[in-house]
Amino acid sequence: MLYDATLPIQEGMLTFPGDPPFHMERLYTRNRGDPFDLAALSMSTHLGTHIDPPAHYIENGKSVDELPLDSLMGRGVVLDLRGKKVLDRKTLSQAPIGRAKRVLFKTDNGPLLLKNDFCEDYVHLASDGAEYLVKRGVLLVGIDYLSIERYLNPGAPVHRKLLDAGVVIVEGVHLLSIPSGPYEVFCLPLPISGADGAPCRVVLRSRPSSPRQTRSRL
């Protein structure tokens, strides 16, 4: 089964404080007698469901168009961590990550992502949690709000620890109606040359949860 974990882009949607809002200007439209429809888009590189590549914080880090596809696609897991306010090392060490290299956090942020007003007190990843993921060899980590880090955290240590290790960050993942468990993760950003981020489409394909289930389907 396929799930779309992408937040629809539309005017008035939630944005991170200080980021420009999304705007679509209709330059041509058949309703005005033009032969076709065509619009111009204005938005942040970190709008909605989006990717933070190393270039977002790391000097000479890879931009979004330079990310390896094998980091963006492959075995992953959605962890149901609702009820947890901070995702620290202890919380993650008790979570069923298994062999997954792409980890998505389903938290109490889910409903907040659909509201227009930004909530500063969102569930976030702690610095020791980021270190734990790096040591596990995780390639991609995502969360269901517009930042993986505590709001206005001085120095952005969580972003820096992950991105410096080459871990791709996906923010604004829409997991509200998606069950936890193992998935094949497909996370493809717009390949904007030299960009510090880009909106992306996140699609999950459910996987068998055990080797026994895998054999039974062959």
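Tutor: Contact means heavy atoms within 4.5 Å. This is a predicted model, in which local features need pLDDT of at least 70 and side-chain atom pairs count only at pLDDT 80 or more, while totals for chains, interfaces and linings use all residues. Residues are numbered from 1 along each chain as its sequence is written, and side-chain values use heavy atoms, with hydrogens and water left out.

Student: Which residues is Arg89 in contact with, leaving aside its neighbours within four places in sequence?

Tutor: By that criterion Arg89 touches Asp128, Gly129 and Tyr132. Asp128 lies 39 residues from Arg89 in sequence, yet the C-alpha to C-alpha separation is 5.4 Å.

Student: What makes Arg89 partly exposed?

Tutor: Buried means under 20% relative accessible area and exposed means over 50%, with partly exposed in between (1.4 Å probe, protein chains only). Arg89 has a relative accessible area of 38%, and is therefore partly exposed. Its place is in helix α2, residues 89–93, where a helix is a DSSP run of H or I with at least four residues, a strand is a run of E with at least two, and both are numbered from the N terminus.

Student: Why are α3 and α4 called roughly parallel?

Tutor: Axes are lines fitted to C-alpha atoms, for helices over the stretch in contact, and angles run from 0 to 180 degrees between N-to-C directions. Angles under 35 degrees count as roughly parallel, over 145 as roughly antiparallel, 65 to 115 as roughly perpendicular and the rest as oblique. The axes of α3 (residues 127–135) and α4 (residues 157–164) cross at roughly 10° and come within 9 Å, so the two helices are roughly parallel to each other. Ser127, Ala130, Glu131 and Val134 of α3 meet Pro157, Val158, Lys161 and Leu162 of α4.

Student: How do you know that the buried residues of α4 line one face of the helix?

Tutor: The buried residues of α4 are Val158, His159, Leu162 and Leu163. Seen down the axis of α4, these fall within an arc of 115°, so they line one face, the arc being that of the directions from the helix axis to the C-beta atoms. Their cover includes β4 (50–52), β8 (124–125), α3, β9 (140–143) and β10 (168–171).

Student: What makes β5 and β11 a pair?

Tutor: Two strands pair if DSSP finds at least two bridges between them. Strands β5 (residues 73–80) and β11 (residues 181–189) have six bridges, in the antiparallel sense, and Arg75 has Glu184 of β11 as its bridge partner. Strand β12 (residues 198–206) runs antiparallel to β11 and is joined to it by seven bridges, with Val203 of β12 opposite Phe186.
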